[in-house]
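Subject: The protein–DNA model, with notes

Hi,

Here is the structure I promised to pass on to you.

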Amino acid sequence: MQRNVVILDIDYVTYENKPVIRLFSKDGDKNIILLDDTFEPYLYVMADDLDKCIDEIQNNFDVVCIEKVNKKDFQIEKEFLKVTFNHPQELAKNRDALRDLESVVQIREFDIPFYRRYLMDRDVIPMTEVVAIGDKIDSFLDLDSNKQDIEIIKLTDELKRSPDYPREFRILSFDLEVRNPHGMPNSEIDEIIMIGVSSNFGINQVISTKTNSDCRDDFVNQMNSEKEMIEEFVKIIKENNIDIIVGYNSDNFDFPYLKDRAKILGIDLDIGMDGSDIRFIRRGYANAASFKGLIHVDLYLVMRRYMTLERYTLERVYYELFGEEKIDVPGDRIWEFWDNGGEELDNLFDYSLDDVVSTLKIAEQTLPLNLELTRIIGQPLFDVSRMATGQQAEWFLVKQAYFDNEVVPNKQGANFANRAAAEDNEGGYVREPEKGLHENLVQFDFRSLYPSIIISKNISPDVMYLGDVDNEEDYNISPEHGLKFKKEPQGFIPSVIDKILQERFRIKREMKASDDDTEKKALNVQQQAIKRLANTMYGIYGFPRFRWYSFECAKAITSWGRQYIKSSIKKAEEYGFYAIYADTDGFYAKYKKKDKRN
DNA sequence: CAGAAACGGGG
DNA sequence: GTGTACGTTTCTG
């Protein structure tokens, strides 16, 4: 059978000791889970004597297959061994011992999560429409299409891209209010008093055990108990075919709190597409709240990347985006408003609704860009919305490397030397602003300075030379440090940036040519997402924990950047301008004859 | 003063 | 989950 579905989420399960990829998808409002058992985990091995190495691996490990493959390592063609394991956990368990084998020089691509590998190798792009061909089956492990509202399809063909743009996603925002008279909320004793919900298809309500004055009770949904409130919330999610659920700091507050209260009250938060519970995924020291097939986006994390502010409270972020003040109730007084009732309770209801409506507005403003980033990067929205921009760039590059037949570099780790080198990098040129009120200023800035330098100077580790060279004219040589970058061939990272910037110009042309407003808007978001990604590429050289970390490349970029900005200031001075402030890629200047200071 | 711990957001 | 944030501020010995 054939189905057109939009891919929302992915994981894998184990069936008969083999990994099976599960793609959580939807066809309209029908939940579809696609199964693919044809993908196997692998890594690459670098060795001097490949045949000897094959023997050694075969004698020591239980692997599915070992094959010689031609790949590129920093553009140099090399023969690697591709070692395929039966299960991702087998790979994880054996990789250290494999690395330690005498004939093994190096292992590569051993730390790429299985589901990400699948998305990249099969070119399956989350949040896009695909054509799925396969056999409908009734049940698989804990999935049962007779008991659950799902259809299970075992894929028989590779997924193909659908030309259709996915329908608009159904977004629900939510927010909890808690009665906490003794300092910060404690989920063991402080009950939930309000659950606000708002959607982009008309839901706007506050679920509570109390209600407000008669004249304004249109948005309060009154329940008999906290237990009923949570059950109502679960019902709303289940019955409205929600694709994306958003909150503000919901990874760290709302969902952990809701889970605790649900447990105390004996309620299942079985909101997952397959009826599974909420789960918390460890991300370093923090947790991320996750459901199968229901994408949870914590906007707090998104906003921290989206804009530069001194603080990221919901209030501050909302003001920045929309220029409006939010209704405010101080957190430590919420319980008083609740207990006092009357007008104060009305205010609390208004506050609860305002919070959740604002959260939805922020989601509607920022999710389109994140959806486009998700499609460009090719990883799940859940992950992309929680990645630092450098990580986004890295996963994008890992996928590009796969298509360029490049083996990706290993992470070097933030060791002391790397960290020190990174800190040593001078950064952009800054001229401290001249004090005072300035009028009639002119502004100058470079368009995408760092990406342009990377491309024009071909700054990439695969074309970099540290020693002496015969033909200096074949190289771009950085100011200050004399780092050499071969002009030909184009380096891996410059080529990727070049490609995506060309894609950006193509989209911009298409945008100009279009006379459909909706299409124009969508294209505009796409080109913005690409611009963001391109501007982040510099970062991947500058931070030691990234795979393409190269402090030489980072140093070269900033040194050229300083040279360009300084020379343009100088040029401006020749025409009678005087820079009163400069930072990295631009400056402000006054028109004035050179004064005594110079 | 250096290294450890806390913080952010949320109520 | 083929895993273990992060950069900055405040506290403590």
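I'll begin with DNA strand C, where helix 2 contributes the most to the nearby protein surface, giving five residues. Please keep in mind that this is a predicted model.

**DNA strand C**

Helix 2 (88-99) is one of the elements that supply at least two residues each to this surface, along with helix 3 (114-121) and strand 18 (279-283). In total, 23 residues surround DNA strand C, and the closest are Tyr-12, Arg-95, Phe-110, Phe-114 and Arg-545. By class, the surface near DNA strand C comprises 13 nonpolar, two polar and eight charged residues.

Which part of the strand faces the protein? Of the atoms of DNA strand C within 4 Å of the protein, sugar or phosphate makes up 65%, and bases make up the rest. An N or O atom in the side chain of Arg-545 is 2.4 Å from a phosphate oxygen of DNA strand C. Phe-114 uses a polar backbone atom instead, 2.8 Å from a phosphate oxygen of DNA strand C. At Pro-88, a backbone N or O atom lies 3.5 Å from a sugar or linking oxygen of DNA strand C.

**DNA strand B**

Around DNA strand B there are 22 residues, the closest being Val-178, Asn-180, Gly-183, Asn-249 and Leu-314. Sugar and phosphate provide 62% of the atoms of DNA strand B that come within 4 Å of the protein.

Bases are contacted here too. The side chain of Asn-180 has an N or O atom 2.7 Å from a base nitrogen of DNA strand B, while Gly-183 places a backbone N or O atom 2.9 Å from a base nitrogen of DNA strand B. For Glu-177, a polar side-chain atom lies 3.0 Å from a sugar or linking oxygen of DNA strand B. Strand 13 (171-178), helix 6 (299-306) and helix 9 (342-377) are the elements that give two or more residues to the surface near DNA strand B. The largest share, four residues, comes from strand 13. Sorted by class, this surface has eleven nonpolar, five polar and six charged residues.

**Helix 13 and its partners**

Helix 13 (residues 449-456) and helix 16 (residues 551-574) have axes 10 Å apart and pack at an angle of about 110°. Helix 13 is therefore roughly perpendicular to helix 16, and the crossing is right-handed. On the helix 13 side, Leu-449, Tyr-450, Ile-453 and Ile-454 meet Ile-557, Thr-558, Trp-560, Gly-561 and Tyr-564 of helix 16. That contact has seven nonpolar, two polar and no charged residues.

Helix 13 also crosses helix 14 (residues 492-513), at roughly 125°, with the axes coming within 8 Å. These two helices are therefore oblique to each other, and their crossing is left-handed. Here Pro-451, Ile-454 and Ile-455 of helix 13 contact Ile-493, Pro-494, Ile-497, Asp-498 and Leu-501 of helix 14. The contact of helix 13 with helix 14 divides into seven nonpolar, no polar and one charged residue. Ile-454 takes part in the contact with helix 16 and in that with helix 14.

**Helices 4 and 5**

Another pair to look at is helix 4 (residues 226-239) with helix 5 (residues 254-265), whose axes are 10 Å apart at an angle of about 120°. Helix 4 and helix 5 are therefore oblique, and helix 4 passes helix 5 in a left-handed crossing. Glu-226, Lys-227, Ile-230 and Phe-233 of helix 4 meet Leu-258, Arg-261, Ala-262 and Leu-265 of helix 5. By class, the contact between helix 4 and helix 5 has five nonpolar, no polar and three charged residues.

**Two backbone details**

Where is the cis peptide bond between Glu-488 and Pro-489? Pro-489 is found in the loop between strand 25 (484-486) and helix 14, and omega for this bond is about -10°. The other detail is Asn-458, a residue other than glycine with a positive phi, near 55°. Asn-458 sits in the loop between helix 13 and strand 23 (464-465).

How values were computed
Residues numbered from 1 in each chain as written. Chains lettered and ligands numbered in written order. Predicted model: local features only at pLDDT ≥ 70, side-chain atom pairs only at ≥ 80, totals over all residues. Heavy atoms only, no water. Near = heavy atom within 4 Å. Polar contact = N/O pair within 3.5 Å; in protein donor to acceptor, adjacent residues only side chain to side chain. Nonpolar A, V, L, I, M, F, W, Y, C, P; charged D, E, K, R; others polar. Axes fitted to C-alpha atoms, helices over the stretch in contact; angles between N-to-C directions. Parallel < 35°, antiparallel > 145°, perpendicular 65-115°, else oblique. Left-handed = near helix turned anticlockwise from the far one by under 90°. Contact = heavy atoms within 4.5 Å.
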